[in-house]
Amino acid sequence: MQYDCLIIDDEKMLADSTAEYFNLFGVSTAVVYGAGECRAFFRENSANLLLLDINLGDGSGFALCKELREKTEVPILFISARTSDDDKIMALHIGGDDYIQKPYSLGVLLAKVKVILKRFGKPEAESGEKSDNRYTDGRLTVDFDRRQVSVEGVPVKLTSLEFKLLSYLIRNENRVIAGAV
């Protein structure tokens, strides 16, 4: 199943109430409570955005972020009660897109999530082999939901900007793209 947001946090009451709030405002949200559950989630589901705590009962959010970054460029927002600048720097250095300190305002967090979902939204289906979540031409495969690209079955790691550019070119195939040189 495809979700807008996945919350990975071992503080069950906070994670559940955040997910409930997001779902009330139209952001489909799932919750898992640890790194192992996160891995299991991605075997059958996908999400367009992750909210990831640093301290998980069964591991480190930092280690999980590194692992996820090997497979996907989905935006990751760290949510943590840790206040050290070193933690914030580490979170951003290893692939996090933002760092939000607990306790957080649900309204402000929801606004940030909606902005990111809008910015990294999936492309609309057009012609050919494109769909809302996947494009393939026999050699190139792009999974827009998971933000994954492969060429002849071999995964290719792209930066966020490279992925956006590739998505734009796919959505505008057979059109002349003009710009300043």
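Figure 1. D9 counts as buried, because its relative accessibility of 0% is under 20%. This value comes from a predicted model. D9 forms a salt bridge with K102, and the closest N and O atoms are 2.8 Å apart.

**Figure 2. Close-up of K102 and D53.** The side chains of K102 and D53 form a salt bridge, with 3.3 Å from N to O. D53 is in the loop between β5 (50-52) and β6 (55-56) and K102 is in the loop between β9 and α5, so this pair joins parts that are 49 residues apart in sequence. With a relative accessibility of 3%, D53 counts as buried.

**Figure 3. Close-up of the network around K102.** Salt bridges link D9, E11, D53 and K102 in a network. One of its salt bridges is the pair D9 and K102, and another is the pair K102 and D53.

**Figure 4. Close-up of D97 and R69.** A salt bridge joins the side chains of D97 and R69, at 3.1 Å from N to O. D97 sits in the loop between α4 (85-93) and β9, and R69 sits in helix α3 (residues 61-69); the pair links distant parts of the chain, 28 residues apart. D97 is partly exposed, with a relative accessible area of 41%, whereas R69 counts as buried at 8% relative accessibility. The structure holds 9 salt bridges, including this one.

Definitions and conventions
Residues numbered from 1 in each chain as written. Predicted model: local features only at pLDDT ≥ 70, side-chain atom pairs only at ≥ 80, totals over all residues. Heavy atoms only, no water. Salt bridge = Lys/Arg side-chain N within 4 Å of Asp/Glu carboxyl O. Buried < 20%, exposed > 50% of the residue type's maximum accessible area, 1.4 Å probe, protein only. Helix = DSSP H or I, 4+ residues; strand = E, 2+ residues; numbered from the N terminus.
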